[in-house]
Amino acid sequence: MSSLTAALQETRARLDDSITRLDQNRCIMSKPTIQVNGRESLVNEEKTVNSGSGSRNSNDNGSIAAMRKSLHQNIIGKLRPLPFQYRWTVWFDKHCDSNNNNRLYVLHEDVADIATFYRVYNNYPWDKIRLRDSVHIFRKGVKPVPDDPENRNGGCWTFRVPKAKSQAFFHEIAILCMANEFQAALESGSSCRSLSTYVSIYLGQSSTNNLFSGTEHDHVLGVSTSVRFNSHLISVWNKLGSNERSIKRLEATILDRLSPELRPTTAAAGGNSSYSYFYKRHAEHDEGFQKQADRRS
């Protein structure tokens with residue numbers, strides 16, 4: 001009797017083991033497959049099962065993580081970073097007390113996409129910038145000085161930002177500028193005006209010269225951050241300092257696109273230190289600007 005019982009128990013154990021293996025095979029066959037390194041692999045692939053208990057191998061999780069990492073690297077490696085519409089140059093502006101002149105150095109001449117920008121941005125020692133030194137990000141071919149031909153008739157919105165928020169503020173402003181958010185706002189503002197101008201020309205009420213005036217040619221040329229004692233002066237430069245419409249549209253876009261915790265609250269002409277931000281034309285910076293610009297032209 002005991003031998004019969006033992007035989008039945010052995011048969012049942014074998015049957016249970018066969019059912020367990022069949023269930024495992026059916027689960028594996030139902031899983032989707034993906035291509036990794038040229039071969040077909042299972043998502044959440046399971047490893048060998050111990051014959052006694054049917055439990056999973058302890059290395060399962062590590063193998064799955066490695067497979068996912070390999071898949072991620074393959075996908076990312078095939079993607080190209082999106083290019084900017086314009087190419088940009090990163091400048092370092094070292095303040096010199098003698099003759100009130102600064103020395104400009106190119107940190108990176110050609111920033112063409114977001115990946116290049118972050119390679120420069122993430123590896124720059126921002127906390128090492130000394131008092132009154134500056135970093136500029138400008139369209140390639142434009143120097144970050146008021147008497148550059150592109151800047152000569154322009155100006156900039158300047159924000160006095162506390163040191164605790166200055167890096168986050170400059171990061172957002174730089175991204176918005178290079179991603180063409182500011183330029184797009186100026187161009188969208190000019191489109192309605194352009195339509196009315198075309199209608200006026202068609203009706204003989206306006207000259208074709210009006211086609212090339214105002215916001216049509218305004219551009220956002222770059223951004224700057226300059227270290228002060230307890231704050232940073234962060235500026236957005238535009239090409240036409242006489243175009244009130246584009247200046248106001250640029251202000252509204254900056255305030256709208258910034259994160260709420262970074263938005264300034266007060267604006268005033270003149271740039272007194274008690275105000276959060278202001279606009280000033282480059283020609284207003286000092287009395288000698290025009291003479292210096294004329295000498296260099």
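Student: Which helix gives the largest share of the lining of the largest cavity?
Tutor: That is helix α3, residues 114-122, which supplies three residues of the lining. Keep in mind that this is a predicted model.
Student: Okay, and which residues line that cavity?
Tutor: The lining is made up of Val 90, Phe 117, Val 120, Tyr 121, Trp 126 and Ile 137.
Student: How many of the lining residues are nonpolar, polar or charged?
Tutor: Six are nonpolar, while none are polar and none are charged.
Student: How much space lies in the largest cavity?
Tutor: About 50 Å³.
Student: And how many cavities of 30 Å³ or more does the count come to?
Tutor: The count is one.
Student: Switching topic: at what angle do α3 and α4 pack?
Tutor: The angle between α3 and helix α4, residues 163-178, is about 155°, and their axes lie 12 Å apart. Because of that angle, α3 is roughly antiparallel to α4.
Student: Is the crossing left-handed or right-handed?
Tutor: Right-handed, as α3 passes α4.
Student: Which residues meet there?
Tutor: From α3 you have Ile 114, Phe 117, Tyr 118 and Tyr 121. On the α4 side they meet Gln 167, His 171, Ala 174, Ile 175 and Met 178.
Student: What kinds of residues make up that contact of α3 with α4?
Tutor: Seven are nonpolar and two are polar, with no charged ones.

Note on methods. Residues numbered from 1 in each chain as written. Predicted model: local features only at pLDDT ≥ 70, side-chain atom pairs only at ≥ 80, totals over all residues. Heavy atoms only, no water. 1 Å grid on protein atoms, 1.4 Å probe; cavity = no way out; pocket = protein on both sides within 12 Å on 5 of 7 lines; lining within 4 Å. Points joined across faces, edges and corners; volume = space filled by probe spheres on them. Helix = DSSP H or I, 4+ residues; strand = E, 2+ residues; numbered from the N terminus. Nonpolar A, V, L, I, M, F, W, Y, C, P; charged D, E, K, R; others polar. Axes fitted to C-alpha atoms, helices over the stretch in contact; angles between N-to-C directions. Parallel < 35°, antiparallel > 145°, perpendicular 65-115°, else oblique. Left-handed = near helix turned anticlockwise from the far one by under 90°. Contact = heavy atoms within 4.5 Å.
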